[in-house]
Amino acid sequence: MASENSTVDTAYTKFYTREEVAKHNNNTDLWFIIHNKVYNVTEFTTHPGGEEVLLEQGGQDCTEVFEDIGHSSDARELMEKFKIGELVEEERTQENNEFTEVSEINGSSCSGAWRSWLIPIALGVLATLVYRYFIKVH
């Protein structure tokens, strides 16, 4: 069974094992794990990718798949209403810094969006400067 603890903000949080989550893998009972948090998406019938996409990931940790798709900040906010708990501490995976936590969307961590453009812009400026230099020299 799920163990229950309360967090620092006195919110009531349920903790689940991977084995418990794995039992919920069909269209009438569908859970999965993203960033060590457990989501019950059984009632999420309006997924833009269709129900099949969710069923493929049912009962599993689909953090990497979720991040590879590049979900919007709206999708990340929508996830919160489906959150039912978290993984027990012993079974959590180490978070990779390239992934954006759902709770960071409204915070200062959204600055990562402009960083993705920084390198292409810098390369463009550098290419322009090199081009102009060679035009003046030759």
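# Questions about a predicted model

Guide: The largest pocket has a volume of about 420 Å³. The model it belongs to is predicted.

Visitor: Which residues lie nearest the centre of the largest pocket, and how many line it?

Guide: The lining has 20 residues, and Phe44, His47, Leu54, Phe66 and His71 lie nearest the centre. At least two lining residues come from each of S4, H2, helix H3 (63–69) and H4. H4 gives the largest share, 4 residues.

Visitor: How do the residues of the lining divide into nonpolar, polar and charged?

Guide: There are 16 nonpolar, 3 polar and 1 charged. Phe counts as nonpolar, and Phe44 and Phe66 are among the residues nearest the pocket centre.

Visitor: Why is Phe44 called buried?

Guide: Its relative accessible area is 15%. Buried means under 20%, so Phe44 counts as buried. Phe82 has a value of 11%, and therefore Phe82 is buried by the same cut-off.

Visitor: What makes Phe44 and Phe82 an aromatic pair, and what makes the pair tilted?

Guide: The ring centres of Phe44 and Phe82 are 5.2 Å apart, and the planes stand at 50°. A pair needs centres within 6.5 Å, so these two rings qualify.

Visitor: How many aromatic pairs does the structure hold?

Guide: It holds 3. One of them is formed by Tyr16 and Trp31, with 5.1 Å centre to centre and 75° between the planes. Since an angle over 60 degrees counts as edge-to-face, this pair is called edge-to-face. Tyr16 belongs to strand S2 (residues 12–16) and Trp31 to strand S4 (residues 29–34), so the pair links parts 15 residues apart in sequence. Tyr16 and Trp31 are both buried.

Visitor: Which residues make up the largest nonpolar core?

Guide: The core has 11 residues in all: Leu30, Phe32, Ile34, Tyr39, Val41, Phe44, Leu54, Cys62, Phe66, Met79 and Phe82. S4 supplies the largest share, 3 residues. Another core, of 6 residues, lies apart from it and includes Tyr16, Trp31, Ile33 and Leu87. In soluble globular proteins, nonpolar side chains tend to be buried together.

Visitor: Why is Glu52 called exposed?

Guide: Exposed means over 50% relative accessible area, and Glu52 has 52%, so Glu52 counts as exposed. Glu52 is placed in helix H2.

Visitor: Is His24 buried or exposed, and how do you know?

Guide: His24 has a relative accessible area of 17%, under the 20% cut-off, so His24 is buried. Its place is in the loop between helix H1 (18–22) and strand S3 (25–26). Apart from neighbours within four places in sequence, His24 is in contact with Asp29, Leu30, Trp31, Gly58 and Gly59. His24 and Thr42 are 18 residues apart in sequence, and their C-alpha atoms are 9.2 Å apart in space.

Visitor: What is the phi of His35, and what kind of value is it?

Guide: Phi of His35 is near 55°, a positive value in a residue other than glycine. Asn36, also not a glycine, has a positive phi of about 65°. His35 lies in the loop between S4 and S5, and Asn36 lies in that loop too. With 3% relative accessible area His35 is buried, and with 5% Asn36 is buried as well.

Visitor: What pattern does the protein chain follow along the sequence?

Guide: The pattern is β-β-α-β-β-β-α-α-α-β-α, from 5 helices and 6 strands. Of the 138 residues, 29% count as buried. Among contacts with a separation of 6 or more, 66% are between residues 24 or more positions apart.

Methods
Residues numbered from 1 in each chain as written. Predicted model: local features only at pLDDT ≥ 70, side-chain atom pairs only at ≥ 80, totals over all residues. Heavy atoms only, no water. Phe/Tyr/Trp six-rings, centres within 6.5 Å; stacked < 30°, edge-to-face > 60°. Buried < 20%, exposed > 50% of the residue type's maximum accessible area, 1.4 Å probe, protein only. 1 Å grid on protein atoms, 1.4 Å probe; cavity = no way out; pocket = protein on both sides within 12 Å on 5 of 7 lines; lining within 4 Å. Points joined across faces, edges and corners; volume = space filled by probe spheres on them. Core = buried A, V, L, I, M, F, W, Y, C linked by side-chain atoms within 4.5 Å. Contact = heavy atoms within 4.5 Å.
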